[in-house]
Amino acid sequence: MMLDTTSITHAMLEDLRERVQKTMSPKRYTHTCAVECMVARLCELFCPECTLELRAAALLHDITKEESLEKQLQLCRDFDIIVKSGDVLAPKTFHAKTAAALIGREYPAFASEAVINAVRWHTTGHANMTLGEQLLYLADYIDDSRMFPDCVRLRNYFWRADPAAMDEGARIAHLYDTLIMSFDMTMRHLLDENATISLDTILARNALIEKKTGL
Ligand SMILES: [Fe+2]
C-alpha cells in the first residue's frame, strides 16, 4: 500500500537514520548522509515542500547496494521484479529496483509514491523524471563525499554558477544542463568500460534535451 500524502517528521528521519546505519557499511552510511544533506540543499532551491520526503528517499536509496548479485536476484524474485537477460551485465542497476521494492515491506511509514519513485530511478533516470526524482539523482551524483573527478566537476559546475541567485526559469535550465552533463559523463564512462547503457538513461537524457529546447 502506498501513502498518498507525506506524513514524515524530523523524529521519523532520526529513527530512519539509525535503522539504515545498521544495514550498511560505515562508508556507505557516510555517503547516504551526504546525499541526504545535498538533497536538502537542492530542495531549498527547487522544492522546499519536498524536503522531508526526499531526505527519507536519500536515506533509503542505497539500502540494498551492498547486497550480492545473488541476493539482488533473490529480491527480484521475492518482489516479482522482471529480470531481463541483459540486466546482469549492469548489476549496479539492480539496487535501485530492489531498494524501492523493499520500502513498502520494511519501511511502510515512508512508502509514498514520491519516495519510492525517487529511489527507483536514482541510478538510471528515465524519460520524464519528476522534479523529486531529478533532485535525488543529482544529489547522489554530487554529494560532498564523492571525490571521483566527474563528480567533483559536476558539483562545481552546479554550485559555482550560484543557482540561488538565479530566477526560477534560469535555475531550472541550469538544473537541466547539469543533469544532461551527468548523463553524458555516465554514458562516456560506460562506453570506456565497454559496458551496456540502460535505455532509461538514454531516454532521460533525450527528454531533458527536448525539454530544454522547448520541444
Ligand atoms: Fe548512492
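**How the helix packing and the core are judged**

Reader: How do you know that helix α3 (residues 51-60) and helix α6 (residues 113-120) come within 9 Å, and at what angle do they cross?

Author: The axes of α3 and α6 come within 9 Å and cross at roughly 40 degrees, where axes are lines fitted to C-alpha atoms, for helices over the stretch in contact, and angles run from 0 to 180 degrees between N-to-C directions. Helices here are DSSP runs (H or I, at least four residues), numbered from the N terminus. The model is predicted, with local features needing pLDDT of at least 70 and side-chain atom pairs counting only at pLDDT 80 or more, while totals for chains, interfaces and linings use all residues. Residues are numbered from 1 along each chain as its sequence is written.

Reader: Why are α3 and α6 called oblique to each other?

Author: Angles under 35 degrees count as roughly parallel, over 145 as roughly antiparallel, 65 to 115 as roughly perpendicular and the rest as oblique; the crossing is at roughly 40 degrees, and α3 and α6 are therefore oblique.

Reader: Which residues of α3 and α6 meet?

Author: Glu-53, Leu-54, Ala-56, Ala-57 and Leu-60 in α3 meet Ala-114, Val-115, Ala-118 and Val-119 in α6, contact being counted when C-beta atoms, placed from the backbone, lie within 7 Å. By class, this contact has 8 nonpolar, no polar and 1 charged residues (Ala, Val, Leu, Ile, Met, Phe, Trp, Tyr, Cys and Pro count as nonpolar, Asp, Glu, Lys and Arg as charged, and the others, Gly among them, as polar).

Reader: What makes α3 mostly covered?

Author: In α3, 8 of its 10 residues are buried, a residue being buried if 20 or more other C-beta atoms lie within 10 Å of its own, exposed if 12 or fewer, and partly exposed in between. The buried residues of α3 pack against α1 (10-21), α2, α5, α6 and α7.

Reader: Which residues touch the most other members of the largest nonpolar core?

Author: Of its 44 residues, Val-39, Leu-60, Val-115, Val-119 and Ala-139 do so, the core being a set of buried Ala, Val, Leu, Ile, Met, Phe, Trp, Tyr and Cys residues joined through C-beta atoms within 7 Å. With 7 residues, α7 gives the most to this core.

Reader: Why are α9 and α10 called roughly antiparallel?

Author: The axes of α9 and α10 come within 10 Å and cross at roughly 150 degrees, which lies over 145, and α9 and α10 are therefore roughly antiparallel to each other. By class, the contact of α9 with α10 has 9 nonpolar, 2 polar and 3 charged residues.

Key:
Helices (H or I, at least four residues) and strands (E, at least two) are DSSP runs, numbered from the N terminus. Two residues are in contact if their C-beta atoms, placed from the backbone, lie within 7 Å.
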